[in-house]
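Okay, thanks for coming, everyone. Let me put the structure up and then walk you through it.

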Amino acid sequence: MNKDQKWQIARLDDIERRGRTTPVREHLGIHGFGVNAFTQNEDGLLINEHDEAGGQEELYVVVDGNATFEIDGETVDAPAGTYLYVAPDARRKATGEATVLVIGGTPGAPYQGFDWGEAWQFQSASMEAYGEQRYADALDAVREGLEVSPDNPGLHYNYACFATLAGDTSDEMFDHLRRSVELFPSFREQARTDTDLTAVRDDPRFEAALS
């Protein structure tokens, strides 16, 4: 896109996939809201089990195929053409054979996003392990990513989350949490509600890292 052009167009097949993720937001240079597309992996996983306790609302649009969502223990069938809204604190997961577009944002807060760039392959590997509750493996993938992208805020934040889940509450873990907030201030509030960090929230080093 030239500097004077005020629009862009892309088709999902035009955007290079990162595993099962199609990085729509990064490809189009969007920074006002989050939007990405997902397809299933070899095990039929579309969306990792997670919540958005930091406050982000998410809209799932099933573009093609058929997806099955599990939301707080309830099963929801979602064929092509389905628009599914999920509130921030709901646990959600999706499986099936489909393409799902995910649009997200936090009410009352300006959207802030960062590009994963070359760190994406490590983020992808870590999130796959996280979804399978292999937290030590997820942490190892993040460590590898930080060797390549030492200033990626998402890797620093995930280091803190995965280390906590793996039982590592060392000063190093809090150093990574502190660095993530320095690089991406939105992580400050997210950390205060993120269930991955529940085990360290009462530790005095926690608020010190966020200050």
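**The chain as a whole, then Asp51**

So, the chain exposes about 11,100 Å², and carbon and sulfur atoms supply 48% of that; areas here are Shrake-Rupley ones with a 1.4 Å probe, and for residues only the protein chains shown count as cover.

Quick caveat: this is a predicted model, so local features need pLDDT of at least 70, side-chain atom pairs count only at pLDDT 80 or more, and totals for chains, interfaces and linings use all residues. Numbering starts from 1 along each chain as its sequence is written, and side-chain values use heavy atoms, with hydrogens and water left out.

The chain has 7 helices and 7 strands, taken as DSSP runs, H or I of at least four residues for helices and E of at least two for strands, numbered from the N terminus. In order, that reads β-α-β-β-β-β-β-β-α-α-α-α-α-α. Of the 211 residues, 43% are buried, meaning under 20% relative accessible area.

Now, Asp51. Where is Asp51? In the loop between strand 3 (45-50) and strand 4 (57-71). Why does Asp51 count as buried? Because its relative accessibility is 16%.

What does Asp51 touch? Beyond neighbours within four places in sequence, Asp51 contacts Pro88, Asp89, Ala90, Arg91, Arg92 and Thr195, where contact means heavy atoms within 4.5 Å. With Arg91 there is also a side-chain polar contact of 3.4 Å. That term means a pair of N or O atoms within 3.5 Å; within protein, one must be able to donate a hydrogen and the other to accept it, and residues adjacent in sequence count only if both atoms are side-chain atoms.

Terms used: Buried means under 20% relative accessible area, exposed over 50%, partly exposed in between (1.4 Å probe, protein chains only).
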